[in-house]
Amino acid sequence: MKNTQKELSPVQQLLEKKYNGGFLNRSEKVIPVVLFLMAAVSVLTTIGIVLTLIFETFIFFGDVSIVEFLTKTEWYPFSETEAVYGIWPLVLGTLKITLIASLFAVPIGLAVALYLSEYASSRTRKIMKPILEVLAGVPTIVYGFFALTFVTPLLRDLFPTVEMFNAISPGIVVGIMIIPTIVSLSEDAMSSVPEPVRNGALAIGATKWETASKVIFPAALSGILASIVLGVSRAIGETMIVSIAAGSTPSAALDLTSSLQTMTSYIVQVTTGDAGFGTTIYYSIYAVGFTLFIFTLSMNVLAQFISKRFREEY
Amino acid sequence: MEKVERINSEEMVGRIDGRLAKNKVVKGLFFAATAFTSIILIVLLVRIISQGAPYLSWDFLQNFASRRPEQAGIKAAVIGTIWMMAVVIPSAAIFGVGTAIYLEEYAKKNAVTRWIQMNISNLAGVPSVVFGLLGLTIFVRLFGFGNSILAAGFTMALLVLPVIIVAAQEAIRAVPGEIKEASYGLGATKWQTISRVVLPYALPGILTGSILAFSRAVGETAPLVVIGIPTFVAFLPSGIFDSFTALPMQIYNWTSRPQIEFHNLAAAGIIVLLVVLILMNSVAVWIRNRFQSR
């Protein structure tokens, strides 16, 4: 045995080892399978989310008709005698917050992105990048605290008709929260417009603003739009800021100065309260969660579509 | 087609001032927006520190939650967060890096791989409150973990998983092909190349991305609320099946009380939370700068 092995060259020995099904060979075959199973976890998570929402929502629609859910404009789940489940007030609450947040964040975010990409010195950029990263890293619970204890009192000093819980203060703070998303994604899009394109515009005598508005902005439009849609999607799903500062009154009124409830803050209200497992109220959070999921998913798909479909290739 | 306007050089010179002025105004506006964004951060930090700092004390870190604000502390919350992260970090790191290796090194470029990739980027956009509903249904109810450290840790791990996968994929993709080829050339197998060449090279990038993802898990509140993590806890957990509370939950509880004293406690709790996050981020930045020059 020993003699035969000595006659093999080192390479042959290695090949021998490889094809003899030794430990090495077996682990080479097992490892990809193990890694694939790990990759399957994230797929299973998606399936888990979708199935959970569908099944529990289905149970909810056994108690409450889907027609009532979609068409009634009142949401009174805690009434013992006549509970009404019409999703509209919660959707409206979410839309109010999202609208205020976008009105606040989109102009500021795009202005910051244009400044950093077209005007700022590399020193300013070096200072602003970490500031935006910190803003992006601040937990939403901290923003919620800031909305309730700083922005709301400030608003009430300026406009006494604003109530303690309102749409404006959490709306603005959700806007602050999504500014870093809009800035970093749209700045990436603007900076990736090639330098010769920019220099070409400047060389024929355009000012920086003319270059930015007529050359850079159109060229980066797909990335800019995608950043806005992603920011809006984050605003729709934001939970803690609205739970803390927007109140818990489902309202179908268009008024922005009084208490309201969003889809997310309803889920928080039910799960912090003591609605027992198996009650209609318990299942209602899944129906609301499902509606929320459809909203954010369609925004994310839209963002992907925009950045693929309208990308300018250089 | 736009009609071409012809002007003589005199008119052109006359317009330059206006165009330059416009550029200046716009630049000023953009600068103001940038300054405003930084001011928001400064106001936020100054406000929280001035409100919370007087309440920070050794007792605050040592005491349990209490109905009396002067005796309340965050011991249970800090220890609870550490326990939760002890579940989140290993589970999310192993599955996140494993998935990234599979997608970058083993997966064939086919429809299944594209679908997994698309699924991961969509998962990153799912609101955290929906992850809470998943955790409530699967971990709390179906697996019967209750509102334990394990249920919360697994829910948070799933929440940060997409972020870690994407960061690890980028780090693995950045490994130069020559190094891998050199390893194969020496006769190393695929797994030997991955484990002894690719992963060590990609490690700083993976660590930076993962630490940022974990700092998100430390501050995330909504999933914990949904899976029913209690806020009034006057004991320390002794295992992963125990009930617990976490820093953001304690801050949320204090914030939602009407009394100003509790708001001050919340500010003090936020300072502790922010210090933890800043430490984690500093480590990430340090690793990034230390290995970037390579």
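A: Domain bounds come from an automatic or database domain assignment. In this predicted model, chain B is divided into domain 1, residues 9–55, and domain 2, residues 59–292, and the centres of these two domains of chain B, taken over C-alpha atoms, are separated by 36 Å.

Q: How many residues of domain 1 of chain B are in contact with domain 2 of chain B?

A: Six residues of domain 1 of chain B meet seven residues of domain 2 of chain B, and the side contributed by domain 1 of chain B consists of four nonpolar and two polar residues, with no charged ones.

Q: Which helix gives the most to the side of chain B that touches chain A?

A: The contact between the chains takes 67 residues from chain B and 64 residues from chain A; on the chain B side, helix α1 of chain B (residues 9–52) gives the most, with 18 residues. By class, that side of chain B has 40 nonpolar, 21 polar and six charged residues.

Q: How are two packed helices described?

A: Two packed helices are described by the angle between their axes together with the distance between those axes. In chain A, helix α5 (residues 88–119) and helix α11 (residues 221–237) pack at an angle of about 145°, with their axes 9 Å apart, and α5(A) passes α11(A) in a right-handed crossing. Among the residues making this contact are A101(A) and A105(A) of α5(A) and G231(A) and A235(A) of α11(A), and the residues of the contact divide into ten nonpolar, four polar and no charged.

Terms used: Residues are numbered from 1 along each chain as its sequence is written. Chains are lettered from A and ligands numbered from 1 in the order in which they are written. This is a predicted model: local features need pLDDT of at least 70, side-chain atom pairs count only at pLDDT 80 or more; totals for chains, interfaces and linings use all residues. Two residues are in contact if their C-beta atoms, placed from the backbone, lie within 7 Å. Ala, Val, Leu, Ile, Met, Phe, Trp, Tyr, Cys and Pro count as nonpolar, Asp, Glu, Lys and Arg as charged, and the others, Gly among them, as polar. Helices (H or I, at least four residues) and strands (E, at least two) are DSSP runs, numbered from the N terminus. Axes are lines fitted to C-alpha atoms, for helices over the stretch in contact, and angles run from 0 to 180 degrees between N-to-C directions. A crossing is left-handed if the near helix is turned anticlockwise from the far one by less than a right angle, and right-handed if clockwise.
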